[in-house]
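Let's take a walk through this fold, starting with a pair of helices and moving on to the sheet.

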Amino acid sequence: MTIKFGLIGGGVMGEALLSRLIDRGIYQPSEVIVSEPQPSRQSYLEQKYAVTVTPDNRLVFTAATEVVFLAVKPQVFSAIAQELADVIGTNSSPLVISILAGVPLGQLEAGFPQLPVIRAMPNTPATVGAGITAICLGAYTHANHYQKAQEIFAAVGEVVEVPENLIDAVTGLSGSGPAYVALMVEALADGGVAAGLPRAIAYQLALSTVLGTATLLHETKLHPAELKDRVTSPGGTTIAGIAQLEKAGFRSALIEAVIAATVRSLELGK
Ligand SMILES: NC(=O)C1=CN([C@@H]2O[C@H](COP(=O)(O)OP(=O)(O)OC[C@H]3O[C@@H](n4cnc5c(N)ncnc54)[C@H](OP(=O)(O)O)[C@@H]3O)[C@@H](O)[C@H]2O)C=CC1
Ligand SMILES: O=C(O)[C@@H]1CCC=N1
């Protein structure tokens with residue numbers, strides 16, 4: 001069968017995408033080739049997904065007819081672009097999709113001259129199909145490339161299109177955001193333990209509270225401030241907790257976290 005989808009970098013995000021694309025039948029395992037340097041990781045991916053795995057990025061690039069998906073760390077992008085330089089144009093001009101934080105379309109298009117390129121920023125809930133991905137389109141893309149990227153990222157959650165000048169902010173918010181939320185769940189559970197709850201129950205309560213609140217906001221479209229007001233009884237427990245959060249700069253900490261991650265994303269592209 002023809003190899004249609006090539007994945008360069010079979011790490012956390014590469015595997016998240018790969019597993020859902022195969023699960024959803026968007027690509028058959030026989031249509032996929034993955035390059036990955038680590039032998040233990042190679043055999044893991046080969047056994048789990050029945051795809052072809054190789055250490056050879058050039059082979060992936062030349063074999064894939066539809067899409068080459070870049071899921072390596074931004075720091076190795078230049079080395080990979082150099083490694084692929086003389087095979088670009090020797091295959092069927094695949095759509096290149098990059099999820100590399102910070103690496104701008106300009107650099108991607110310089111690395112893959114004349115090829116359609118899409119820069120994207122997914123997030124780790126993609127692993128369970130609950131991700132959100134922002135995409136921006138390069139200069140050589142057409143409607144069919146946009147549709148292909150939509151199809152691929154819809155397999156792992158929601159998709160939004162943004163102009164490229166917003167993608168670093170997307171990275172600071174939803175790309176990095178799962179770590180902030182995980183930290184919050186952990187800290188809430190710690191608070192429960194400090195207040196006397198057993199660890200397992202504290203964790204269950206913390207996780208369910210975050211999940212339930214997100215579902216409630218999502219389904220009712222309530223404004224977060226409105227939900228906060230509904231929980232907060234006059235002279236009650238919640239306002240006592242909120243006063244403490246405000247004293248500790250909770251909102252400001254989150255705002256500054258998103259800004260710092262956005263700035264770091266911009267730095268990664270320099
Ligand atoms: N993690 C996240 O939440 C998100 C990450 N991203 C972006 O996704 C990209 C990948 O991140 P993530 O999956 O977390 O990172 P990982 O380190 O888990 O995955 C990168 C993979 O690429 C492999 N690799 C390293 N060098 C090469 C090479 N020269 N050729 C081929 N493969 C190579 C690594 O192997 P080895 O381990 O042996 O070095 C590893 O398996 C990054 O650019 C990141 O900015 C985007 C959105 C969210
Ligand atoms: O931390 C990072 O750089 C990557 C990009 C977004 C999430 N993880």
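## Two helices side by side

At what angle do helix 7 (residues 167-175) and helix 8 (residues 177-194) pack? The angle is about 25 degrees, and their axes sit 5 Å apart. Helix 7 and helix 8 are therefore roughly parallel to each other (angles under 35 degrees get that label). On the helix 7 side, Gly172, Leu173, Ser174 and Gly175 make the contact, and on the helix 8 side it's Gly177, Pro178 and Tyr180 (contact means heavy atoms within 4.5 Å). Sorted by class, that contact has three nonpolar, four polar and no charged residues, with Gly counted as polar and Tyr and Pro as nonpolar.

Some ground rules: this is a predicted model, where local features need pLDDT of at least 70, side-chain atom pairs count only at pLDDT 80 or more, and totals for chains, interfaces and linings use all residues. Residues are numbered from 1 along each chain as its sequence is written, chains are lettered from A and ligands numbered from 1 in the order written, and side-chain values use heavy atoms, leaving out hydrogens and water.

Helices (H or I, at least four residues) and strands (E, at least two) are DSSP runs, numbered from the N terminus. Axes are lines fitted to C-alpha atoms, for helices over the stretch in contact, and angles run from 0 to 180 degrees between N-to-C directions.

Eight strands form an open sheet in the order 3-2-1-4-5-6-7-8, with mixed pairing (two strands pair if DSSP finds at least two bridges between them). At the edges are strand 3 (52-54) and strand 8 (157-161), each pairing on one side only. From one strand to the next, the twist averages 20 degrees.

Strand 1 (residues 5-8) and strand 4 (residues 67-70) run parallel and are joined by four bridges. Leu7 stands opposite Phe69 in strand 4. Helix 1 (residues 12-23) packs on the sheet, touching strand 1, strand 2 (32-35) and strand 4, and its direction makes about 160 degrees with that of strand 1.

Conventions:
Angles under 35 degrees count as roughly parallel, over 145 as roughly antiparallel, 65 to 115 as roughly perpendicular and the rest as oblique.
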